[in-house]
Amino acid sequence: MTLAVHELTQRIGRATILQDISIEVRPGEMLGLLGPNGAGKSTLLGALAGDFKPTAGRASLDGQDLARLDALARARRRAVMRQHGAPAFDFTVREIVELGRSPWVGRSTTADDRRAVSRALALADVERFADRATGTLSGGERQRAQFARALAQLDAPPSQVAAQRYLLLDEPTSSLDLSHQHALLTSVRRLAADGLGVCVVLHDLNLAARYCDRVLVLRQGRAHAMGTPLEVLTPATLEPVYDVRFAALQAGDATMLAVIG
Amino acid sequence: MSGSILLPRRRALIAAAGVPLLLTTRGAAAGVRVRDARGQEIEIKDASRIVAVGGSVTEVIYALGGEKNLVATDSTSLFPAAARETPKIGYMRTLSAEGVLSLRPSVVITTTAAGPEAALRQIADAGVAVLVLSDDYSFDAVIAKIEGIGRALRLDKAAADLTAKVRADTADVTARVAQSKTRPRALSFLTFGQGGAPQAAGRMTAADGIIRLAGGVNVFDAWSGYKPMTPEATVAAAPEVIMVGTQTIEAIGGVDKILADPALALTPAATHKRVASADALLLLGFGPRTPQAVRIVARVFHPDIEFPDPR
Amino acid sequence: MSDLSIPAAAAVPRRVKRRLALVVFGVALGLAFLCGVGFGAVRIMPGDMLSIVLRSDVDPRLEAVFLAIRLPRAVLALVVGAGLGIAGASMQGLFRNPLADPGLIGVSAGAALAAVTVIVLGGSVLHLITPAQRPWLLPAASFIGGLIATALVYRMGTRGGTTSVATMLLAGIAVNALAAAGIGFLTYIADENQLRLLMFWTMGSLGAASWGVILPALPLVVIPALLLLRHHRALDAMALGEREASHLGIEVEGIKTRIVVLVALCVGGAVSVSGIIGFVGLVVPHLVRLIGGPRHTLVLPGAAMLGGALMLSADLVARLIMAPAEMPVGIVMAALGAPVFLSIMARRHAATAL
């Protein structure tokens, strides 16, 4: 029961974006995708989301080919949070989060929807400005609103709870201040602990080290290293990928990586 | 449901469905029947409130003395001067059905140039007699207009008098034109020099009609309607006479200005300064003054022949 | 983009605003319709109107004007305004741009070119059809012309099953330019009579409204409009972006095609009987969003209702301002629409200048 890709290769024109990637997102686990820009992280997340049919290989959900499911079926099993600019029109935060309920039309009551939206607003800490138009918010607040939307989407109505769900996040903390970064990732960790399968693209190695159960490091479209943060996030493994020098520092029970050259 | 109450309402409902009105004379005074441009017989029961559309139609109405029943005219009805004072319903090609109906006309008299067709249909469907007369560019069409309008307004005596006069006048002009051994090459412009190419008159225009009646040849008859003409083509056509309305001449600033235009300067017409002009409505309206218009033009076409005004 | 959040006054819940807005638009539409049938060059008293409706005795002339001229015209104004309004809203949702308008996909340009072609060159074809069919030639041609132009734009923007909205935009610009060139040429060779007809058509007019003309055209506008209403959720989702909409379960490619087709039918149908009337599709959705927010559960029906109300009002002005003559309604709409549009733009500019 996983969301996975098998021997996935994705080419666009002459460029090979991903080469022969096989990974799986397991329930209850946070998988981090790391690597420099252009390494293929977002594309890999897109493959897991079912956004495209890969050049070679396949994506699967619970063993079934992801391409076989239509958009609505996928939407009921997984939610995606990406970075993007302001919506074209001035929706309020609440309206954006309500959009997260669209896959559940016909399978959820209005009361269920309202509750799901309230829960999502609370969890993403955006209740304060739920009825403000997104155009009046800061980048970080907008990002948290999108997080709330994804949460609302995952909040299955009672009749549908049984199926395993997944949350895919692409750089969810990029515009957030420090406290909100940790608040968001902590919420996600808690959801994972409740059974959600999570895959998150992160730029910040230390956040990955702190919150992810496993990480995959991509380099030029190939899997460079895979394993627990302890195993993978070492200067030896990472220096060839990022082309900088790292030093590992101990701070309490956490290992931090600092760039030193 | 008693018959006499039902009938008017039924009629209006049929009209509302867009079916052409069935004209019955039950319980009403007998009307006159006039043949229209499409050969249909239009019954006109009541000519007490007339809306006239088209300069020539209005001219005829005044000439027959029927103007006391005239309630409104269109924007092209400019002769006689009194016609300008009547209420205006707009341009004859862009009529508004409800607008015309708001004047409570009993008959609308017009020519085939009027439009849009949908508006005329709606007016007819509302129970108003709509008489559409032919706008052919010939003396016969003029006579037909006078006769048709005379009949519609029950002014047959006046119409007979007027047609007799027009026929006599026509005969006179035609005979004199026939005397000429020459058929000068003529070119007529509708608009000139007001931005955009000059619009020359081809076949099937009023100007073409006048040119032929005056014994000339239209150099631009390869086209129909008013079309823009290139200066080169004008020079190549080598017209001997230019025919143009006085309003157009005034708009440009005089005959000399026109003839100085590169399009015309190299033509025989400019060299010999042969320009035939008259008021636009007189010249091109094909109303009862048409013989006069032909006379004016013929004088320029055939300077060797006399065209005295009738007494 | 600053990192400071802008504090705002306590907001009325959008849901409430939406319901209120729908009621307001409905009332506006009702009032506009009553004015549209109640006023005109011919004075018909409310008492007489009641008699006509109740089928009791009344002057047949008034009855004819009311039932055969005013009523179909009001219905046409309502339907055309509603169709253009909802089509405009759908276009803005599809292109994710509040400045989009149905003309972007080329339908109006194609319809105009076809109509002008018929007006200027149609004389040679007229003898091929019966007089009874004559009034149909122009509307039929313009409808088909609109569809062909849209098909062209759509084909140019679609490759391998994927429709690029941005490419369609460019294709639409090209098609509009081509059509303008064609119309320009035809205008040049047109004679006096044709010129008048052509100007009349390109400025828009509801004057040809009679039951015979509008009854076939109504379903062409109404049915696609009703179908467009059902896409409110998809359009909301698409406002977040096509990828996001897909993640929310929307079949984006299918929706794009469907919306383009429905807008082409709806606008093509409207334009074929009323000529080109601009601004409705552009301005009305803006006004609706200003009042009740951008959720399409409001914007789509709201744009339809407000569009109908606006068209009815513009036509009223067109009929009364120069009575007994009438002004092309497209001119009135532009005269009303342009200042409204400018003030909307000025507001947006002020709001985002913080």
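Chain B divides into domain 1 (3–163) and domain 2 (180–301), with bounds taken from an automatic or database domain assignment. The model is a predicted one, in which local features need pLDDT of at least 70 and side-chain atom pairs count only at pLDDT 80 or more, while totals for chains, interfaces and linings use all residues. Residues are numbered from 1 along each chain as its sequence is written, and chains are lettered from A and ligands numbered from 1 in the order in which they are written.

Within chain B, 14 residues of domain 1 are in contact with ten residues of domain 2 (contact: C-beta atoms, placed from the backbone, within 7 Å). On the domain 1 side, α2 (55–63) and α5 (139–152) of chain B each supply at least two residues; helices here are DSSP runs of H or I with at least four residues, strands are runs of E with at least two, and both are numbered from the N terminus. The most comes from α2(B), with five residues. By class, this side of domain 1 of chain B holds ten nonpolar, three polar and one charged residues, where Ala, Val, Leu, Ile, Met, Phe, Trp, Tyr, Cys and Pro count as nonpolar, Asp, Glu, Lys and Arg as charged, and the others, Gly among them, as polar.

Domain 2 of chain B ends at residue 301, and helix α14 of chain B covers residues 290–301. Ten of the twelve residues of α14(B) are buried, among them B:Val294, B:Ile296 and B:Phe301 (buried: 20 or more other C-beta atoms within 10 Å of the residue's own, all placed from the backbone).

Turning to the chains together, two pairs are in contact, and chains B and C share the most contacts. Chains A and B do not touch, their nearest C-alpha atoms being 42 Å apart. Chain C places 31 residues in contact with 29 residues of chain A. On the chain C side, α10 (232–238) and α11 (242–247) each give two or more residues, and α11(C) gives the most, with four. That side of chain C comprises 13 nonpolar, eight polar and ten charged residues.

Strand β4 (residues 56–61) of chain A pairs with β5(A) over two bridges, and A:Leu61 has A:Gln64 as its bridge partner in β5(A).

How values were computed: Expected span 1.5 Å × (residues − 1). Pairing = 2+ DSSP bridges.
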